[in-house]
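Subject: A structure to look through, with notes on what was found

Dear colleague,

Here is the structure I said I would pass on to you. Please open it beside this message and keep it in view while you read the notes that follow.

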Amino acid sequence: MGGTADRLRILTVPDPVLRRVARPVGEGDGDAVRNLVPRMLAAMYAAPGIGLAAPQVGLSLRLAVIDLQRDDARAPMVIINPSIIAASTETEPHEEGCLSLPGQFADVVRPRVVTVRYLDEAGARQEVTADGLLGRCLQHEIDHLDGVLFVDHISALKRNMILRRLAKSLRAKEG
């Protein structure tokens with residue numbers, strides 16, 4: 001892997017790519033995905049974060065990487081064309097943040113348990129039922145693939161406060 005020239009830039013709100021529904025990864029995308037996954041992981045680790053979806057680096061593809069990095073051991077998970085096939089009716093709130101809304105956090109209510117079907121990096125069909133941090137992260141990253149941000153799950157008042165705070169913070173960095 002090369003130096004910083006190869007590093008992917010993580011887009012921030014209000015970039016329009018973040019609001020697009022990403023297209024499914026197709027058979028002709030294999031080389032692009034193989035090239036993209038290590039670069040996405042590098043960008044996610046450098047940020048640092050625990051999940052990153054392709055739209056966040058400007059590519060409208062249904063692809064995301066996740067690594068909860070428990071006990072400082074890396075265990076990356078690549079999810080291609082994921083879909084939530086079951087979700088519990090029981091919900092729970094938990095604070096979320098996002099690399100595309102740096103420094104901004106809010107409590108988001110989501111289903112407590114989800115089952116997700118996806119393709120792994122080798123193209124094999126996988127299914128995972130998850131709760132806790134993994135369940136939340138899967139839902140958050142799949143939202144990105146559907147053009148949805150975590151702030152879309154909170155009240156308009158809180159969302160507008162966060163977006164104004166983010167805009168002010170980004171202006172301060174540029175100025």
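A residue is called buried when its relative accessible area is under 20%. Please keep in mind, while using that word here, that the model is a predicted one.

With that cut-off in hand, we can turn to helix 2, where 11 of the 14 residues are buried, so the helix is largely enclosed by the rest of the structure. Among the buried residues are Gly135, Arg136, Cys137 and Leu138, and the list also includes His140, Asp143 and Leu145. The length of helix 2 can be checked as well: at 1.5 Å a residue, its 14 residues should span 20 Å, and this agrees with the 21 Å that separate its end C-alpha atoms. After helix 2 comes Gly147, which has a positive phi, near 75°.

Which element gives the most residues to the lining of the largest pocket? That is helix 2, which contributes six residues to this lining. The largest pocket holds about 420 Å³ of space, and strand 4 (91-98), strand 5 (101-111) and helix 2 (132-145) are the elements that each give two or more residues to its lining. There are 21 lining residues, and those nearest the centre of the pocket are Ile50, Glu96, Gly97, Cys98 and His140.

Along the chain, Val25 and Asp143 are 118 residues apart, while their C-alpha atoms are separated by 16 Å.

Lastly, a word on the aromatic rings: the count of aromatic pairs comes to zero, although Arg74 does lie over the face of Tyr45, at 3.6 Å from the ring centre.

With best wishes

Methods
Residues numbered from 1 in each chain as written. Predicted model: local features only at pLDDT ≥ 70, side-chain atom pairs only at ≥ 80, totals over all residues. Heavy atoms only, no water. 1 Å grid on protein atoms, 1.4 Å probe; cavity = no way out; pocket = protein on both sides within 12 Å on 5 of 7 lines; lining within 4 Å. Points joined across faces, edges and corners; volume = space filled by probe spheres on them. Helix = DSSP H or I, 4+ residues; strand = E, 2+ residues; numbered from the N terminus. Phe/Tyr/Trp six-rings, centres within 6.5 Å; stacked < 30°, edge-to-face > 60°. Lys NZ or Arg CZ within 6 Å of the ring centre and 35° of its normal. Expected span 1.5 Å × (residues − 1). Buried < 20%, exposed > 50% of the residue type's maximum accessible area, 1.4 Å probe, protein only.
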